Amino acid sequence: MSGPVIATRDLAIGWSPSELLLEHASFQVERGEVFGILGRSAAGKSTLLRVLIGLESPIAGDLDVLGERPQATIASHKRPSFGVMYQHGALFGALTVGQNVGLPLEVWTDLPADAVRAIARAKLALVGLGDTVDQSPATLSGGMRKRAAIARALALEPPLLFLDEPCSGLDPVTSAEIDHLIATLAHAYGLTIVLVTHERSTIQTIVDRCIVLDRGERRIVAGGVPAELAQHPIPEVRAFFVPAGPLEGE
Amino acid sequence: MTPWQATREGNRIILVGELLIDDATAIWRTLQRLTRAPGKHLDLDLGHASAIDGAVLSLLAALRAQLIARGTSCELVGARDELRPLVHLQGADAAPPPRPPPRTPPPGGIARIGAGIERMAHETRDLIGFFGELVASSWQVVRRPRTVNWRSVGGHIERAAADGIPIVVLLDFLVGFVIAIQTMYVLELYGAEVFIADMVGISVTRELIPLMTAIIMSGRSGAAFAAELGTMRIDQEIDALRTMGISPMPYLVMPRVLALTIAAPLLTLLGDVVAILGGALVAVHGMELTSEMYFNELRLAVLFSDVWTGLVKSVGFGLTIAFIGCQQGLATSGSAEGVGRRTTSAVVACLFAIVLLDTAFTVVFRVVLG
């Protein structure tokens, strides 16, 4: 398929037409890029992500993800064409880590159990958790849960991955490891990755292109490559691209 | 024609075409068939693979590990340059991991019984510990009454008592109604219809309504307390309270215990009244009795001690339900599944404790009151 992986036009999202978080949002995500959705807390980043993955409907506007409207994919219970990693991992506590990763394969393929287990083990090894296959998710740290969630999101070999705050709440070392993992996956698999973040280290390290949301303005206030946005006239935008330290205006 | 092929030529399996997850099942089965007699050396040749994804590479890596474990040396060979990073990332070219230790067999019947007894002993110990903590906290409350979240007591009473009124009224009315119907035929046989008031009045006030109300409260309040506190526990709200220097015992547990200790007798008293009315409905419309006859007999049959012993029981039941619900909630660990498990345990433990307590009360009242 040629053309952008994600295309939005005049998208409006929020709780109701009178309570919008974002409007007139038009952007495109190209194949193979790591695309960041940035903004300070409560700017509507996670809500935009929920709209992009089809969990919520836009109030207005057009949305195309891999040639489909994701809300229709969710409603028709079709095999998902993208993987999602939720902020806290959202691993199922009743299953082992390996079963969590193997679950999409069990549901969407007719692979025998030993093959599902082999793939789950390999995916976990890929994210550095090869020895946790039989463990309960409750025994994993926050960073490990996020890694396991990435492994689960990769189970069906999707061309597109959504990551919600992949590094929030992690120490700098673990955060850097996750950033490295995301960059490696994007390169080796040729994945398109859309990530929601406000971590400046992530933005500066792995994001190819991004948009910046602003709650007060209720719109995309800037978009482009990080190096250009570091010179942006709006200080709140510029603040995302300067070396770590307090944000301007804070 | 499939977009892929796998054929064996001597000590080489040649993989051709697009090897993707949609064909993974067929690829896996074919490879298993081709490696039934692997020999001493067998290579997996990717030289003719135009595309391969992570899932199929995982399977090739697993197959390679299987072959090596069976004594066959095996390598992935011929991968084109653009596939090599993926092959490397998936570990398909690395030394296979050591074989996992054999799984320990599941414990036998006796071991499971032993584990169950051990678990019960732990639970009992935790329960006793929790009771001790509650008693100790009571002393703390006397010294520092501000540590109790008094404002929440009213809300808990409202949820446990006021919100429970419809279901208590309906079920307890039906209890009185059913008892009257079950006994009316026997009483009619002996011409003793008027004693239906004795039957209904004594059985509901002494025994059935305190018990039935407690069962309802176990399902509503016991489960709710366990789920609320369990969720707070896994969301680290309890930890946050502790780090703010607030003990969850007076702040969270005491108000709930107090609320149920007040709500239980109130609901029981209401239940007594509606159950007696349920009996009256059967007596007046199903038998040849007037309401005056029914209530006159009731006044003679039901003593004040019948009512208060029922109410004393209900106080004990309310306290027990709140105690168990809170204990199970605060013992929650893990995730949402842990909350569900503890909520179920809370209801089961409440029902068990209520029946035990009821037996104890009945024996004590029998000995003391005759």
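Reply: A salt bridge is a side-chain nitrogen of Lys or Arg within 4 Å of a carboxyl oxygen of Asp or Glu. By this rule the count over all chains comes to 17 salt bridges. The model is predicted, so local features need pLDDT of at least 70 and side-chain atom pairs count only at pLDDT 80 or more, while totals for chains, interfaces and linings use all residues; side-chain values use heavy atoms, without hydrogens and water. Residues are numbered from 1 along each chain as its sequence is written, chains are lettered from A, and ligands are numbered from 1 in the order in which they are written.

Me: Why is the pair of A:Arg218 and A:Glu23 called a salt bridge?

Reply: The closest N and O atoms of A:Arg218 and A:Glu23 are 3.1 Å apart. Because the rule asks for a distance within 4 Å, the pair qualifies.

Me: What makes this pair a tie between parts of chain A?

Reply: A:Arg218 lies in the loop between strand 8 (209-214) and strand 9 (219-224), whereas A:Glu23 belongs to strand 2 (residues 19-29), so parts 195 residues apart in sequence are tied together. Helices (H or I, at least four residues) and strands (E, at least two) are DSSP runs, numbered from the N terminus.

Me: Why is A:Arg218 called partly exposed?

Reply: Buried means under 20% relative accessible area, exposed over 50%, and partly exposed in between (1.4 Å probe, protein chains only). A:Arg218 has 31% relative accessibility and therefore counts as partly exposed. A:Glu23, at 22%, is also partly exposed.

Me: How do you know that B:Asp358 and B:Lys313 are buried?

Reply: B:Asp358 has 8% relative accessibility, so this residue counts as buried. B:Lys313, at 3%, counts as buried too. The two form a salt bridge, with their closest N and O atoms 2.9 Å apart. B:Asp358 is in helix 12 (residues 336-369) and B:Lys313 in helix 11 (residues 304-330) of chain B, so the pair ties together parts 45 residues apart in sequence.

Me: Which salt bridge does the rule find across the interface of chain A and chain B?

Reply: The rule finds one there, formed by B:Asp22 and A:Arg79, whose closest N and O atoms are 3.2 Å apart. B:Asp22 counts as exposed at 60% relative accessibility, while A:Arg79 counts as partly exposed at 28%.

Me: How is the extent of the contact between chain A and chain B known?

Reply: With contact meaning heavy atoms within 4.5 Å, chain A gives 24 residues and chain B gives 19 residues. Buried area is the accessible area (1.4 Å probe) that two parts lose on being put together, summed over both. Here that area is about 1700 Å², and carbon and sulfur atoms give 65% of it.

Me: What makes a set of residues a nonpolar core, and which residues have the most contacts inside the largest one?

Reply: A nonpolar core is a set of buried Ala, Val, Leu, Ile, Met, Phe, Trp, Tyr and Cys residues joined through side-chain atoms within 4.5 Å. The largest has 84 residues, and those with the most contacts inside it are A:Ile193, A:Phe241, B:Leu19, B:Leu46 and B:Leu60. Helix 2 (residues 54-69) of chain B supplies the largest share of this core, nine residues. A second, separate core has 37 residues, including B:Ala161 and B:Leu211.
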